[in-house]
Amino acid sequence: MNRPQLTRARVAALFELPFNDLLFQAATVHRQHFDPNAVQLSQLLSIKTGACPEDCSYCPQSARFKTGLKRERLMPVEKVLEAAKAARDGGATRYCMGAAWRSPRDKDVEQLIKMVEGVRALGLETCVTAGMLSDNQAQQLSEAGLDYYNHNLDTAPENYGNIITTRTYADRLNTLRAVRESGMKVCSGGIVGMGEERKHRVGLLVELANMPVPPESVPINMLVKVPGTPLADTPDLDPIEFVRTVAVARILMPTSHVRLSAGREQMTDELQALCFFAGANSIFCGEKLLTTDNPGNRDAALFEKLGLHPEPRSCPAHPAPAADSTPPGSPTA
Ligand code: SAM
Ligand code: DTB
Ligand code: SF4
């Protein structure tokens, strides 16, 4: 049965709610589907860095911009597995391997498959982000046991051409369709703070939530302004508007993990706390994202201060019981 499609007007009305009403609604939805104090931990590794032919104007890895980034060829499988083991020992439950490609060649997919098999054998969930995939490549990765494929829509369709010209929104949707049809879980979100208007944040979330099956994982990235990229001097987005974006994502995709993704290094504890209250329930852990810094060890203190704990790895054979929606300490608990 087809779900009713969300309209932009309805989603814009959520953005316009008084902040407290929006956060209460988002936190209520969050508690109905998840332990509100559990945060899923993913760790990134850049397995092929820089020299990318694409022109994504936010990205330090595009060959078109002088960002001083050192290019690195595809890492050997053993090195990837060494780093994955360290991530697992540091508490990550999902390992996300990122490659600066427009799309992988078939021989690259062979290497990706070896990495996926090795990372799975360490007991980690697996995620890859490597650009556009053909149906056949998606099928091969799915058969190898890849759990998630990340491919972001990045922004609303009508703003897309201001950010990237070397591939289209339709190309992105086509890769996401191939990933979904292959049986893998979809990780797709976007970037805010790129100088877009609120209507573009609305448009991005409507596209994600209206997919035939919404992404299981929704990264909301705050633009990391890297010197040398065309977006380096973009004015800061109001942090309250960022929290609103997270809250609306939570309300529109109640059973998805909403990841507070890039940009945490530049955020205060207070801003991150508001994002967790608004329903963000996943982060990237570790010292690095792909090429830029991430809070690393400082997260332990933040979790302690906020009473957060890492979400246990989900086991397909033993799904977690439905979360108790009653807050601990409430009169009915
Ligand atoms: N090359 C592949 C692709 O673009 O699909 C995979 C890697 S790419 C770096 C993955 C995602 O990282 C992008 O889609 C974008 O959303 C995010 N990203 C890249 N640079 C960023 C930045 N400076 N700030 C925030 N997010 C960024
Ligand atoms: C996503 O949405 N954000 C991650 C992951 N998916 C691949 C990447 C963030 C990259 C930030 C810039 C960098 O470190 O190069
Ligand atoms: Fe290349 Fe991906 Fe960066 Fe775009 S976002 S320039 S495709 S690495």
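Predicted model: local features only at pLDDT ≥ 70, side-chain atom pairs only at ≥ 80, totals over all residues.
Reader: What makes the pairing of Thr291 with ligand 2 a polar contact?

Author: A polar contact is a pair of N or O atoms within 3.5 Å (within protein, one must be able to donate a hydrogen and the other to accept it, and residues adjacent in sequence count only if both atoms are side-chain atoms). A polar side-chain atom of Thr291 lies 2.6 Å from an oxygen atom of ligand 2, so the pair falls within the limit. Residues are numbered from 1 along each chain as its sequence is written, and chains are lettered from A and ligands numbered from 1 in the order in which they are written.

Reader: Which polar side-chain atoms of Asn152 and Asn221 lie how far from ligand 2?

Author: For Asn152 the distance from a polar side-chain atom to an oxygen atom of the ligand is 2.8 Å, and for Asn221 a polar side-chain atom is likewise 2.8 Å from a ligand oxygen atom. Ligand 2 taken alone exposes 410 Å², of which the protein buries 88% (Shrake-Rupley areas, 1.4 Å probe; for residues, only the protein chains shown count as cover).

Reader: How do you know which residues are around ligand 2?

Author: The criterion is one heavy atom of the residue within 4 Å of the molecule, and 13 residues are around ligand 2, with Asn152, Asn221, Leu290, Thr291 and Thr292 coming nearest.

Reader: Why is the space that holds ligand 2 called a cavity?

Author: On a 1 Å grid over the protein atoms alone, a cavity is a set of points where a 1.4 Å probe fits but cannot get out, and its lining residues have an atom within 4 Å of a point. The structure holds one cavity of 30 Å³ or more, and about 820 Å³ of space lies in the largest cavity (points joined across faces, edges and corners; the volume is that filled by probe spheres set on them). The lining has 38 residues, of which Tyr58, Cys59, Gln61, Asn152 and Leu290 are closest to the centre.

Reader: What surrounds ligand 1, and which contacts does it make?

Author: Ligand 1 has 17 residues around it, the closest being Tyr58, Asn152, Asp154, Arg167 and Val224. An oxygen atom of ligand 1 is 2.8 Å from a side-chain N or O atom of Asp154, while nitrogen atoms of the ligand lie 3.2 Å from a polar backbone atom of Ala99 and 2.9 Å from one of Val224. The protein covers 91% of the 560 Å² of accessible area that ligand 1 has on its own.

Reader: What makes the shell of ligand 3 divide as it does?

Author: Ala, Val, Leu, Ile, Met, Phe, Trp, Tyr, Cys and Pro count as nonpolar, Asp, Glu, Lys and Arg as charged, and the others, Gly among them, as polar. Ligand 3 is surrounded by residues including Cys52, Glu54, Ser62 and Arg167, and its shell therefore divides into six nonpolar, one polar and two charged.

Definitions and conventions: Heavy atoms only, no water. 1 Å grid on protein atoms, 1.4 Å probe; cavity = no way out; pocket = protein on both sides within 12 Å on 5 of 7 lines; lining within 4 Å.
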